[in-house]
Amino acid sequence: MISYNEETKIFKLDTQTTSYLMGIADGKYLGHIYYGRKLTAQDLSYLLRTQEKPFVPSKLLREKLSFLDSFPMEFPFGGTGDFRESCIEIRDSNGQSGMELLYAGHRIYEGKEKLRGLPGVWGEGCQTLEIRLEDACAGVRVLLSYSVFADSDAVIRSVKAENIGTHTIYLERILSACLEMDDEDFEMLSLSGAWARERHIQRQPLLTGSFVTESVRGESSHQDHPFLAALSKGCTQTCGEVYAMHFVYSGNFLAKAQRTQFDTLRMVLGIHPERFCWKLEAGAVFQAPEAVLVYSDAGLGKMSRSLHSLYRNHLIRGNEKEKVPPVLINNWEATYFDFHTEKLIAIAKESAALGIEMLVLDDGWFGHRENDDSSLGDWTVNEQKLPGGLKYLADEVNKLGMKFGIWLEPEMVSPDSKLYEKHPDWAFHLKGRTPSRARDQLVLDLSRQEVVDYLYDSISKVLHSANIEYVKWDMNRALSDIGSTAFPPDQQGELSHRYMLAVYEMQERLITEFPDLLLENCSSGGGRFDPGMLYYSPQIWCSDDTDAIERLSIQEGTQLLYPMSTIGAHVSDCPNHAVGRNTPFQTRGITALSGTFGYELDITKISEENGSYNLSKSKA
C-alpha cells in the first residue's frame, strides 16, 4: 500500500481506488505530486515542475523566493519566501519566526501508532509512512505521518513537532494537513449553520483569494464544521470529483482553501492559530490531531461511503459498537425541571408497555437545581425530588424491563453552587475581569488536573451508585474568558487545547472504567458533532431542534459525513418546542428513523389516534 522509489525519490500511497504521491525536489524539499484515481505509473516527478522556471535553488539561487512561493509544498512553512497559507510557525529564542523544513529521512512500518491523548483511527490491515523534516537553524523536527488501511479509501494524516535545539521555542501554528493541486474552477463545500440549524450544506465557487470555515469557540461548533471539500463543477451525488478533508478534533479549528495567483489551490486544515501558542522546551514534543483525506471520482456519494466505512470500522469503539442502540425516551421536553419519582415512573410504565427500551433522566436531578441557574458542579442527587436517589429510580425502571440513563454537564459550573463557592479559581477567568456567563454558567478550567480529577471522581461515584447504562454528556456554552491561574503568562495560549485534551481524558477514563456504558455526546444539541467525539461515543445528539422538517436539512448535512447509526434523533411533541411547527406524528417518526431513534415527549399524554396531546387527560 505504501512504497518509496529510491531512484525517483517518490513516495506512493495506494488505497482501494486512489493514489497519493509526494516527491523530494532538489534533494531536500518535500513536494506534493498527485492525489486522485489509482495509478500504476511510479514516476510522476515532472508534476513537481522543477525543470520549469522558477528553477530549484541549486540551479538558480537568485530566484529562491520565487521557487518557495510557487512550489507545491507538502507541509508548507512561512517566513522565508512562501507567502501562501502555511502549516507551521514557530517563534525562536531570538523572537523570529521564519522556517525552512527540509527532508531528513523516512520510515515505512506496519500498523499505526496511537496518538497520545487524542482520538484517532485504529485497526489492523494498516501501513504508515513517517517522513522526517528538520530545520537545523530553528532547532525543529517535524514528523509527518500518513496511514492507509487495506479496507478503506482514506488517507489519515497527523503531524508531530519536536524541539531538537537547546533553547525554548513557541509553536504559534501547527496545522495537520495540506493539499495542493491545480485549480479547475472548483466549488467549495462546507457545512454551516447556527444553534438548531446545524450542518446545512453550503456550496460556492472559489475565486482568487481564500475561503475559510473555522471555529474559535472552544468547540467544533454549531456555526461551522471541521470539514472542507473541493468539488469539480457540476458535481452531484453520483458523478464528479471530490477532494475532502475532515478533522478528528473537537475544539478550535481552521479549514481554508486558497486560490493563488498561479491558479493553484492550497487547502489546509488544523487547530486554529488564533489564541494558540504552545511552549516547547528543549526536547519537548507537540502532537497535532489527525486529519482524514478522501478523494472521490464518483461524486459526493462515494465520499460519504468512504467516510462512513472508515468511521464505522476504524473510529467508533466499545462494546456498544455492533449493537442496535436502544429505543429511549428522554424526559426533558416532557417535564423540563418539574418532575419527581412518581412522574418518571409513570412515563416509564407507559413507555415499557409500548416497547420503549430505556428511560433517560435529563437535567435537574442534582444539587438544588430547579431551573438552569444553579448547581452545575454539585453532582449529588436531589433526594427531595428523587427519594431513594438514582438507585431507587433505576431499580424501579429496571423492574419494568427497561434500562436507565442520565444526563450530565461536567465541564461547566454554576456560580450558585457549592463547588464555585469553595473553588472560584476553578473557573476560566481573565485577571481583573468578570467572566461572561452563558445560561448562567461558567466554564471549568480543565487545564488543571485537580479539576479534572474532581469531576471524574464525582461522575464515577454517581455511576457506581445505581444501574446506569447510558450517559448523555452535554456542554451548553462556548468557551470565553480563557485564562488560568495555574499557568504562567507564556503558557496561556495552551489553554484551549489543554481543555480539549482534558475532555478526551475524562471520556477515555469513563468508557474504560464502564465498558458497557452507552455514552452519547451532546453540546447544546449539535455543537460538538465531530469525529473526535465519535471516538469516545458511538452516537451524538444531532441538534436541539427536533422539528421533523428542519431536521431534514440538519440530518442531510450530517449524513453526508457520518453513518446514520451515529445520529441522535427523536420524535418530539407538537407544536414543536423549538420552532412551533405542527407536523404529523408519522412524519416525525420517519425522520427520527434516519438516526438512533427515540422519543422526547410526555408519553402519558399522547393519544393513540394522532400522536397529539390528549387534552382530556389531567396533568400529572
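Me: Buried means under 20% relative accessible area, exposed over 50%, and partly exposed in between (1.4 Å probe, protein chains only). Why does Asp26 count as partly exposed?

Reply: This is a predicted model, in which local features need pLDDT of at least 70, side-chain atom pairs count only at pLDDT 80 or more, and totals for chains, interfaces and linings use all residues. Residues are numbered from 1 along each chain as its sequence is written, and side-chain values use heavy atoms, with hydrogens and water left out. Asp26 has a relative accessibility of 24%, and therefore counts as partly exposed. Asp26 is found in the loop between strand E3 (18–25) and strand E4 (29–37); helices (H or I, at least four residues) and strands (E, at least two) are DSSP runs, numbered from the N terminus.

Me: What makes the phi of Asp26 worth a remark?

Reply: The phi of Asp26 is near 55 degrees, which is positive although the residue is not glycine. Ser375 likewise has a positive phi, near 80 degrees, and is not glycine.

Me: How do you know whether Ser375 is buried or exposed?

Reply: The relative accessible area of Ser375 is 0%, so this residue is buried. Ser375 lies in the loop between strand E22 (358–361) and helix H5 (389–399).

Me: Why is helix H4 called roughly parallel to H5?

Reply: Helix H4 (residues 341–353) packs against H5 at an angle of about 20 degrees, with the axes 10 Å apart. Because angles under 35 degrees count as roughly parallel, H4 is given that description.

Me: Which residues of H4 and H5 meet?

Reply: On the H4 side they are Thr341, Leu344, Ile345 and Ala348, and on the H5 side Tyr392, Leu393, Glu396 and Val397, where contact means heavy atoms within 4.5 Å. By class, six of these residues are nonpolar, one is polar and one is charged.

Me: Which residues of H4 are buried, and what do they pack against?

Reply: They are Thr341, Lys343, Leu344, Ile345, Ile347, Ala348 and Ser351. Their neighbours are strand E21 (328–330), helix H3 (332–335), E22 and H5.

Me: How do you know that the span of H4 agrees with its number of residues?

Reply: The expected span is 1.5 Å times one less than the number of residues. With 13 residues, H4 should therefore span 18 Å, and its end C-alpha atoms are 18 Å apart, which agrees. Just after H4, Gly355 takes a positive phi of about 90 degrees.

Notes:
Axes are lines fitted to C-alpha atoms, for helices over the stretch in contact, and angles run from 0 to 180 degrees between N-to-C directions. Angles under 35 degrees count as roughly parallel, over 145 as roughly antiparallel, 65 to 115 as roughly perpendicular and the rest as oblique. Ala, Val, Leu, Ile, Met, Phe, Trp, Tyr, Cys and Pro count as nonpolar, Asp, Glu, Lys and Arg as charged, and the others, Gly among them, as polar.
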